[in-house]
Amino acid sequence: MKRRDILAAAGAGLAAATLVGCKDEQQPTATGAGQDEASKAQTFSWKMVTSWPKNFPGVGVGAERFARLVNEMSAGRLQVKVYAAGELVPALEVFDAVSRGTVEMGHGAPYYWKGKVPAAQFFCALPFGPNAQEMNAWLHYGGGMQLWEEAYQPYNVVPFACGATGVQTAGWFNKEINSVDDFRGLKMRTPGLGGEVLTKMGGTVVNLPAGEIFTALQTGAIDATEWIGPYNDLALGLHKAAKYYYIPGWQEPNVTFELIVHRKAWDSLPDDLKAIVRSAARDVNGDMLDDYSARNMEAMEKLRSEGVEVRRLPDEVLARLREVAAEVVEASAAADAMASKVWEHQKAYLARLRAYAEDSEKLIYNIRN
Ligand code: CA
């Protein structure tokens with residue numbers, strides 16, 4: 001990326017921030033020239049822990065891109081060093097590390113912390129829920145970000161959307177799924193609300209980070225796993241450990257990832273560096289989806305050419321999953337006041353987006369081929 005493009009992107013981010021009118025981004029009202037000079041001279045060296053293996057395709061690359069953009073746009077005034085899962089903290093403890101202030105920043109998937117923050121799932125992925133386009137519309141122009149900030153406020157964590165996968169796959173199975181009964185006794189790695197659906201279908205959920213999935217599948221510790229999609233699944237070599245690749249990713253029509261910043265660290269940044277962080281997160285949020293869209297297609301072609309058996313889940317199975325998913329989402333929201341507040345807001349907004357999709361996306365998808 002050329003420097004002038006980066007500066008242009010930073011400018012676009014500033015313009016967007018002004019439009020959204022987020023309360024944290026008010027311009028200082030009486031900053032003297034001396035203070036300006038002082039804040040421009042100040043440098044910051046931050047740690048960003050992630051839930052991903054080093055440079056992992058898509059999501060891990062996105063975290064590195066974020067750090068590089070911030071370093072370049074700030075001309076080194078804010079330096080972000082990225083740590084892979086396990087280097088400083090385990091993959092699933094990123095939120096806690098940022099919340100405690102052990103590190104300034106983290107990159108992960110909001111639903112990994114659903115045990116601590118039940119509302120987090122609604123900013124991440126819902127079974128049969130929003131696609132990336134719909135999630136982004138709700139977050140950035142529908143009021144979702146303000147709710148996300150409110151949900152994380154008690155933990156001293158400031159969230160930003162920072163990456164999206166688009167439609168995932170149903171996953172890798174060593175057992176055939178021909179009817180709803182085939183989920184009974186199935187041991188599967190699948191996080192979030194999709195995992196709760198599986199439990200209600202009679203399966204057993206095993207929560208594993210990326211680095212442990214292949215071995216668990218290969219040794220039979222689990223019967224099935226979903227991870228992300230062809231691009232990442234190929235990188236993990238999952239096709240070498242399972243017989244069938246099922247589609248579509250009913251459990252995750254999209255996963256949105258988060259950049260999280262410890263509140264005190266965020267407050268310590270001068271306004272121009274805040275704008276750079278916000279702008280870089282916005283860049284990665286869009287860029288990662290582009291990356292996934294291109295590479296998933298290429299990886300699926302490769303998997304098919306290597307003889308991987310790609311199977312569509314039967315309609316009656318998808319219909320039952322959808323029924324159970326609706327119950328699970330409602331029950332999950334009802335169990336927590338903030339989750340309930342978020343879900344009621346999101347549900348109403350998604351209904352409007354879906355009505356419009358009938359006149360736009362869905363209509364054109366159905367007729368263009
Ligand atoms: Ca997934």
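**Exercise 1. Overall picture**

Of the 369 residues of the protein, what percentage count as buried?

*Solution.* The share that counts as buried is 54%. Buried means under 20% relative accessible area, exposed means over 50%, and partly exposed lies in between (1.4 Å probe, protein chains only). This is a predicted model: local features need pLDDT of at least 70, side-chain atom pairs count only at pLDDT 80 or more, and totals for chains, interfaces and linings use all residues. Residues are numbered from 1 along each chain as its sequence is written, and side-chain values use heavy atoms, with hydrogens and water left out.

Next, the fold elements. The protein has 14 helices and eleven strands. Helices (H or I, at least four residues) and strands (E, at least two) are DSSP runs, numbered from the N terminus.

Then the contacts, defined as heavy atoms within 4.5 Å. Among contacts with a separation of 6 or more, 79% join residues 24 or more positions apart.

**Exercise 2. Confidence**

State the average pLDDT and find the stretch below 50.

*Solution.* pLDDT is the predictor's confidence in each residue, from 0 to 100. The protein averages 91, and 90% of the residues score at least 70. Over residues 1-31 the pLDDT is below 50. Beyond near neighbours in sequence, this stretch has 30 contacts in the model. Where pLDDT is low, the predicted coordinates should not be read in detail.

**Exercise 3. Aromatic pairs**

*Solution.* Start with the rule. Rings of Phe, Tyr and Trp (its six-membered ring) pair if their centres lie within 6.5 Å; planes under 30 degrees apart count as stacked, over 60 as edge-to-face and the rest as tilted. The whole structure holds 19 aromatic pairs.

Step one: W52 and Y112. W52 sits in the loop between strand 1 (44-50) and helix 3 (59-73), and Y112 in the loop between strand 3 (105-108) and helix 5 (132-141), so the pair ties together parts 60 residues apart in sequence. W52 has 1% relative accessibility, so it counts as buried. Y112, at 14%, counts as buried too.

Step two: F56 and W227. F56 is in the loop between strand 1 and helix 3; W227 is in the loop between strand 8 (224-225) and helix 9 (230-236), 171 residues apart. F56 is buried at 7%, and W227 is buried at 3%.

Step three: the cluster. W52 and Y112 belong to one aromatic cluster, whose members include F95, W138 and F257.

**Exercise 4. The calcium site**

Which residues coordinate the calcium ion?

*Solution.* Donors are N, O and S atoms within 2.8 Å of the metal (3.2 Å for Na, K and Ca); water is not among the atoms, so sites may look incomplete. The ion is coordinated by Q168 (OE1), E226 (OE), E226 (OE), W227 (O) and E252 (OE), at 2.0 to 2.8 Å. Along the chain, the donor spacing reads Q-x57-E-W-x24-E. Q168 lies in the loop between strand 4 (157-164) and strand 5 (171-173), and E226 in the loop between strand 8 and helix 9, so the pair ties together parts 58 residues apart in sequence. Both Q168 and E226 are buried.

**Exercise 5. Helix 8**

Why do the buried residues of helix 8 lie on the same side?

*Solution.* List them: A210, I213, A216 and L217, within residues 210-219. They cover an arc of only 105° around the axis, which puts them on the same side of helix 8. The arc is that of the directions from the helix axis to the C-beta atoms. An α-helix has 3.6 residues a turn, so residues three or four places apart point the same way. On the other side, G211, Q218 and T219 are exposed. The cover over the buried residues includes strand 5, strand 6, strand 8 and helix 9. Just after helix 8, G220 takes a positive phi of about 85°.

**Exercise 6. Around G203**

Where does G203 lie, and what does G203 touch?

*Solution.* G203 lies in the loop between helix 7 and strand 7. At 8% relative accessibility, G203 counts as buried. Not counting residues up to four places away in sequence, G203 touches F183, G185, L186 and L198. G203 and G185 are 18 residues apart in sequence and 4.8 Å apart, C-alpha to C-alpha. L198 is one of the buried residues of helix 7 (residues 192-200). Just after helix 7, G202 has a positive phi of about 100°.
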